[in-house]
Amino acid sequence: MSDSARIDVHQHILPPSYRQTVERLGLDAGGWPIPPWSTEAALAMMDGRGMATGMLSVSAPGTHTGDDAQAREISRAANEFTAELVKDRPDRFGQFASLPLPDVDGAVAEAVYALDVLHADGVVLMANARGRYLGDPAFEPLWAELNARAAVIFIHPTEMPLPMLPGLPAPVTDFPFDTTRTAVDLARARVLSRHPQLKIILSHAGGALPYLASRIAIASEAIGTHTPAADTMSELRRFYFDTALSASPTALPSLTAFADHDHILYGSDWPFAADPMGTIFDDNLDSYFGWDAGQLTAVNRGNAEKLFPRLAG
């Protein structure tokens, strides 16, 4: 492991009220079972795998299950529960607050409350908000509010509007493509160019984005979008990428060839990715042959310190 204790930007929490809602509605994470979670288990896992801090977020299916009013209540309860945990252990935990998108008014109000009152470290959004991808013009008020606060946004995939392979749990193949779709939608809408104070982290190494980026840029120019390929590539490289379930001998070369190395962050995906699975990817990350001097330490910790200065040192 690196000589610096990791900052895990992709670690999940299951607040009691959120779990109760998911179980009552018979929901899961795209066919993946909802795992147990506790503060004690999280700390034990982190201690065993060399993590100093876990940035906590609610995973799929997210806090909006179809009813705006209920989504606002679920988001608020989850955010306040997580904020109390972070307040008790600010060295060990951080918070990406949940927002009830596609309820734009509710999402803006909860973002203001979470960032200004609860002092969350950032916010989490599902890659699609009940079928609407994040470049949707209707979401512009939320991006403007987040940009005004120079917010860090963590994007996590969820079930896509049309499953790619019915019968196979969405996290196996669909989730990476959900992230890819929303990244391309955000780039096409020039969200990060228009709101340059935003920092957006894409889960799972950006899905297929590193592999497809040149194809997306060159083909988009060729079909007459009037956007030079170089501009599209620049837009796509504005994203940050976590290594959750993606530190493999085939994925890391693509990610490191595409992404700026100071935009790569450590992620575990615990507890959805249990320790036996997660430690395989940890070992792959640490043994990857492609790191230059200091880069692994930066991925494990240093790059995240720049996004979350309160954790520096």
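Me: Which residue in strand 8 does F154 stand opposite?

Reply: It's a predicted model, to start with. In it, F154 stands opposite I201 in strand 8.

Me: What makes strand 7 and strand 8 a pair?

Reply: Pairing takes at least two bridges between the strands. Strand 7 and strand 8 (residues 199-202) are joined by four, so they qualify. The two run parallel.

Me: How do you know that strand 4 pairs with strand 7?

Reply: Again it's the bridge count: four bridges join strand 4 (residues 122-126) to strand 7, and these strands run parallel. With at least two needed, strand 4 and strand 7 therefore count as paired. On this side, M126 has H156 as its bridge partner.

Me: Why is strand 7 called largely enclosed?

Reply: A residue is buried when its relative accessible area is under 20%. Five of the five residues of strand 7 (residues 152-156) are buried, so the rest of the structure largely encloses this strand. V152, F154 and H156 point one way, I153 and I155 point the other way, and all are buried. In general, side chains in a regular strand alternate between the two faces of the sheet.

Me: What makes the largest nonpolar core a core, and which residues have the most contacts inside it?

Reply: Membership needs buried nonpolar residues joined through side-chain atoms within 4.5 Å. The largest such set has 90 residues, and W143, L146, I153 and F239 have the most contacts inside it. Helix 4 (residues 104-116) gives the most to this core, with six residues. As a rule, nonpolar side chains in soluble globular proteins tend to be buried together.

Me: How is the lining of the second largest cavity made up by class?

Reply: Six nonpolar, five polar and no charged residues line that one. Strand 3 gives the most to this lining, with four residues.

Note on methods
Residues are numbered from 1 along each chain as its sequence is written. This is a predicted model: local features need pLDDT of at least 70, side-chain atom pairs count only at pLDDT 80 or more; totals for chains, interfaces and linings use all residues. Side-chain values use heavy atoms; hydrogens and water are left out. Buried means under 20% relative accessible area, exposed over 50%, partly exposed in between (1.4 Å probe, protein chains only). Ala, Val, Leu, Ile, Met, Phe, Trp, Tyr, Cys and Pro count as nonpolar, Asp, Glu, Lys and Arg as charged, and the others, Gly among them, as polar.
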